[in-house]
Amino acid sequence: MKTHNSSSPKSKVTVEEYEASGDLGFRAKGPDLLSVAAAVAQSLVAALLPLDTIRERETRSLEVSGEDEEELMINFLNEVLFLVFGHRWLPRRVESLTWDKKLKALLIGEPLDSKRHQIEREIKAVTYHNLSIIHTRDSVTIDILCDL
Amino acid sequence: MTTKSNIPLEPIDRWRVRIPKGAVAGMRTDGIIYTSPEFLAHVRTDNTPQQVANVATLPGIVGSSMAMPDIHWGYGFPIGGVAAFDIEEGIISPGGVGYDINCGVSLLRTDLSQSDVKPVLEKLISTLFTKIPAGVGTGGPIRLKSKDIDNVMTRGARWAVEHGYGWDIDLNHIEENGCLKEADPNQVSDKARLRGKDQLGTLGSGNHFVEVQVVEDIFDEKLAGIFGLERNQICVMVHSGSRGFGYQVCDDFLGVMQRAAREYGFELPDRQLACAPIQSKQGKAYVGAMSAAANYGWTNRLVLVHWVREAFRQVFDKEPMQLGLRLIYDITHNIARFETHNVDGRPRKLCVHRKGATRSLPAGHPKVPEVYRHIGAPVLIPGDMGRASYLLIGTEKAAQETFASTCHGAGRLQSRHAAVRATKGRHIAEELRSEKGIIVYARGRRTLAEEYPEAYKNVEDVVEIAHQAGLSRKVAKLRPLGGIKG
């Protein structure tokens, strides 16, 4: 089982936001898949509204599966989007991620409060287009594109 | 994407180029792009020819993989993509429909002229803005219970009429009368239901809008007369879709189709083209869910039309019926439908995917509503918020060449980021007001920046290609006076 906790050294993960064909991409690099996935999830929320408007009041857990790493990543990030647009719940950060047969995530945040939270853009979905997950001996790089 | 395409584009005539079968490994047929020599340079710098070629590799494709004049890059299929598949041997793909299932356009006419509306335009736009829920993820006043949402899925626009959000006669002016009978609520996830329960009658964000327009030009007086239009007359256009409900259906089935493509041994050049045979359990399930989302989209637009009528009632203190606020037509430009087309001289039942493409049916076609069967189906092409939109009519040539399809809009020229950068420090709403007299209200300044007119090709150029190529024929040009955006 692989595990990532929010106490893992975040400074080792870099996330670059870029544009492509009118849409939004993230290129993230870090020491392992789970720390990069956690950072991309946080960047995804940050692309919707300022993270500092989200209080750390409660936790939510997610569980996703996938036939391969790509499917797992897409399913995880789309679940994060569903928390926002389906459950109207805003994750501020990923507290922990574990991956055995399934990917299990614990997120910290709060319900959307329209008085304090203004979602600035809609992300329809995280897509498979040009999705890449590259492993080297000491790093993992994820490139992922969202449909706005 | 912005890498220059190396795919060969062979001129066929002034308005068409061909991607020959064989240009990309696995192509089963040619690709054909409707464009002009002027637009071709832009098409080449995009990766869209590759996308047209990729679609040509899909099993069971009939005729060519086509793209309409507003072609631009999309997920899987290009935006502006049209492809038909044999219903026995072919596939169905969520990537050929898009995330916003049944995104489309309604056009209303009124008995009002520009001089009636000008003095109250500000009040009218502000009333529309107050009455119509808009913006990212916004819910509206209609809260659907589980049974209601099932009824929306199966009854489509009729649900709106039955609940007082539209007129019975409206149904005769909507493609498919606002309901696909293939809808199957059992194929729709709880997630989609959750997203859809409070978004009926909401506009959304991005390029969606409600716009008050004036008839600026008429190209066919006789047809315009049949639609009840003359110069200086006021119309209202609504552009929206199936909201989060449709996005979720698409997303759910992209996952299903990834697994299906593996199960059926499809080698796909792009995972966003994930698909399943139409006759497979996954294919049938997607048809049921997509049709349910399409019905949600039609219901949504008819409720929006109702809010428009309510706003006019309030501002003009007259019943909408007295103001002549009749629906001219409602079209969808993101959908896959079962249709019969002549192929090599004989009728074949096909599944036609139109992703950012409008159906263009000629006079006499049985799918044209009875009220318009003698002239053909109206084609509605929305433009950007500063220039124009168009009403056209379907043609026989489109029926022969493109499975009865034409363009759907202007097509983006700049990315959203580029548009935001280009408009930094500018006040788009104020510019539109002071330079063109167009009043625009928007929930977010970012939306206005992303959607500023120059971010799009000039719709006039796109429509001209469709007109000259014979894919649809111009009837009227509508100029925006004001509108609301999410």
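Predicted model: local features only at pLDDT ≥ 70, side-chain atom pairs only at ≥ 80, totals over all residues.
1. A closer look at A:Val40. Leaving out residues up to four places away in sequence, A:Val40 touches A:Val15, A:Phe26, A:Ala28, A:Leu77, A:Ile142 and A:Ile144.

2. Now the two domains of chain B. Their C-alpha centres are 23 Å apart, and 52 residues of domain 1 are in contact with 49 residues of domain 2. On the domain 1 side, S4 (61-72), S5 (79-86), H9 (243-263), S12 (334-343), S13 (346-355) and S14 (358-359) of chain B each supply at least two residues. S4(B) has the largest share of that side, 7 residues. By type, the domain 1 side divides into 32 nonpolar, 13 polar and 7 charged residues.

3. Back to H10(B), for its packing with another helix. The axes of H5 (residues 146-155) and H10 (residues 281-316) of chain B come within 7 Å and cross at roughly 95°, which means H5(B) is roughly perpendicular to H10(B).

4. Who meets whom there? From H5(B) come B:Val152, B:Met153 and B:Thr154, which meet B:Ala292, B:Asn295, B:Tyr296 and B:Thr299 in H10(B). The residues of this contact are 4 nonpolar, 3 polar and no charged.

Methods: Residues numbered from 1 in each chain as written. Chains lettered and ligands numbered in written order. Axes fitted to C-alpha atoms, helices over the stretch in contact; angles between N-to-C directions. Helix = DSSP H or I, 4+ residues; strand = E, 2+ residues; numbered from the N terminus. Parallel < 35°, antiparallel > 145°, perpendicular 65-115°, else oblique. Contact = placed C-beta atoms within 7 Å. Nonpolar A, V, L, I, M, F, W, Y, C, P; charged D, E, K, R; others polar. Domains from an automatic or database assignment.
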